[in-house]
Amino acid sequence: MDKKRLDPARYRVLLKGRDWYERSGKIDKIIGMTVEATGLVCNIGDICRVFSNPEDAGVLAEVVGFKENKVLLMPYEDMSGIGYGSLVKNTGQTLSVRLGDGMIGRTLDALARPIDDGPAIEATAEYAISGRPSNPMARPRIDTPIQMGVRAIDGLLTIGKGQRMGIFAGSGVGKSTLMGMLARNVKADVNVIALVGERGREVVEFLNRDLGPEGMARSVVVVATSDQPAMMRSRCAQTATTMAEYFKDQGKDVLLMMDSLTRYAMAQRLP
């Protein structure tokens with residue numbers, strides 16, 4: 001027999017390096033969308049599951065702070081059925097999304113899950129949505145124009161690859177229409193579009209009327225509607241940015257658009 005496999009010292013090392021305890025806590029207080037739990041061992045950004053009963057899959061929530069001996073959580077999903085004393089378990093992981101080329105032409109939620117009744121997306125990579133800021137000294141200069149496909153922009157307001165641009169206007173004057181024009185005509189390989197805090201009925205209108213089949217064929221749309229928790233609306237923008245980074249890492253030119261920055265800022269003001 002293989003003596004190495006029977007070496008007790010080897011197994012002692014393996015057993016010593018493993019955490020045999022499942023640390024859980026219980027909900028102590030819920031104020032609005034903020035959940036306070038006791039008994040948890042966790043770090044900022046950890047993803048936890050809150051259970052209304054032992055049989056359910058649990059509601060995802062993120063650790064956003066600490067108050068005395070309590071952990072503050074913000075849910076990603078509806079908290080119906082959750083109450084005082086509900087079980088909370090820390091997954092020990094931060095939020096990440098599984099990505100693949102099959103996302104193109106699809107509509108996803110802020111956790112990169114399909115919401116268009118299409119098949120599951122085969123993931124080829126997993127990215128943390130927090131990301132890391134690049135070294136400013138390593139960033140290339142913006143010196144290459146990109147054709148946006150709108151003559152007024154290309155002729156009067158030339159945009160360079162890597163440049164950021166804001167569209168500011170009142171309601172009903174054509175911002176979504178302009179976004180659809182850019183998505184259909186821009187000389188880029190992939191569009192990633194984040195719809196943050198849109199009303200539910202406006203999502204389908206944008207996809208069918210403004211974006212259309214031509215724009216959708218090379219776009220990924222990430223949606224968090226106004227009736228979803230603030231954490232989902234906040235993470236929608238980060239997930240879309242992470243998807244853009246995924247395609248960028250493949251050497252593709254990516255146009256990232258978000259509607260709107262105002263609603264993203266409002267979602268950041270977590271209640």
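**Figure 1. A charge over a ring.** The charged end of Lys-89 sits over the ring of Phe-51, 5.7 Å from the ring centre. The rule for this: NZ of Lys or CZ of Arg lies within 6 Å of the ring centre and within 35 degrees of the ring normal. The model is predicted, so local features need pLDDT of at least 70 and side-chain atom pairs pLDDT 80 or more, while totals for chains, interfaces and linings use all residues. Residues are numbered from 1 along each chain as its sequence is written, and side-chain values use heavy atoms, with hydrogens and water left out.

**Figure 2. The whole protein.** The protein has six helices and 14 strands. These are DSSP runs numbered from the N terminus (helices: H or I, at least four residues; strands: E, at least two). Along the principal axes, the C-alpha atoms fill a box of roughly 70 × 55 × 40 Å. Of the 271 residues, 39% count as buried. Buried means under 20% relative accessible area, exposed over 50%, and partly exposed in between (1.4 Å probe, protein chains only).

**Figure 3. An aromatic cluster.** Tyr-127, Tyr-246 and Phe-247 form one aromatic cluster. Rings of Phe, Tyr and Trp (its six-membered ring) pair if their centres lie within 6.5 Å; planes under 30 degrees apart are stacked, over 60 edge-to-face, and the rest tilted. The count by this rule is two aromatic pairs. The rings of Tyr-127 and Tyr-246 have centres 5.9 Å apart and planes at 85 degrees, so this pair is edge-to-face. The pair links distant parts of the chain, 119 residues apart: Tyr-127 is in strand β9 (residues 125-128) and Tyr-246 in helix α5 (residues 230-249). Tyr-246 also pairs with Phe-247: centres 5.1 Å apart, planes at 70 degrees, so edge-to-face again. Tyr-246 has 4% relative accessibility and therefore counts as buried. Phe-247 is buried too.

**Figure 4. The largest nonpolar core.** This core has 30 residues. A nonpolar core is a set of buried Ala, Val, Leu, Ile, Met, Phe, Trp, Tyr and Cys residues joined through side-chain atoms within 4.5 Å. Tyr-76, Met-103, Val-192, Cys-236, Met-243 and Phe-247 have the most contacts inside the core. At least two residues each come from β7, β12 (190-198), β13 (219-225) and α5. Helix α5 gives the most, with nine residues.

**Figure 5. Two loop residues with positive phi.** Glu-68 is in the loop between β4 (59-67) and β5 (70-75). Its phi is near 55 degrees, a positive value in a residue other than glycine. Glu-68 has a relative accessible area of 76%, so Glu-68 is exposed. Asp-117 is in the loop between β8 (107-109) and β9. Phi of Asp-117 is near 65 degrees, again positive in a residue other than glycine. With a relative accessible area of 81%, Asp-117 is exposed.

**Figure 6. A cis peptide bond.** The bond from Asp-259 to Ser-260 is cis, with omega near 5 degrees. Ser-260 lies in the loop between β14 (254-259) and α6 (261-268).

**Figure 7. A loop asparagine.** Asn-135 lies in the loop between β9 and β10 (145-146). At 45% relative accessibility, Asn-135 is partly exposed. The C-alpha atoms of Asn-135 and Gly-92 are separated by 29 Å, and the two residues are 43 residues apart along the chain.
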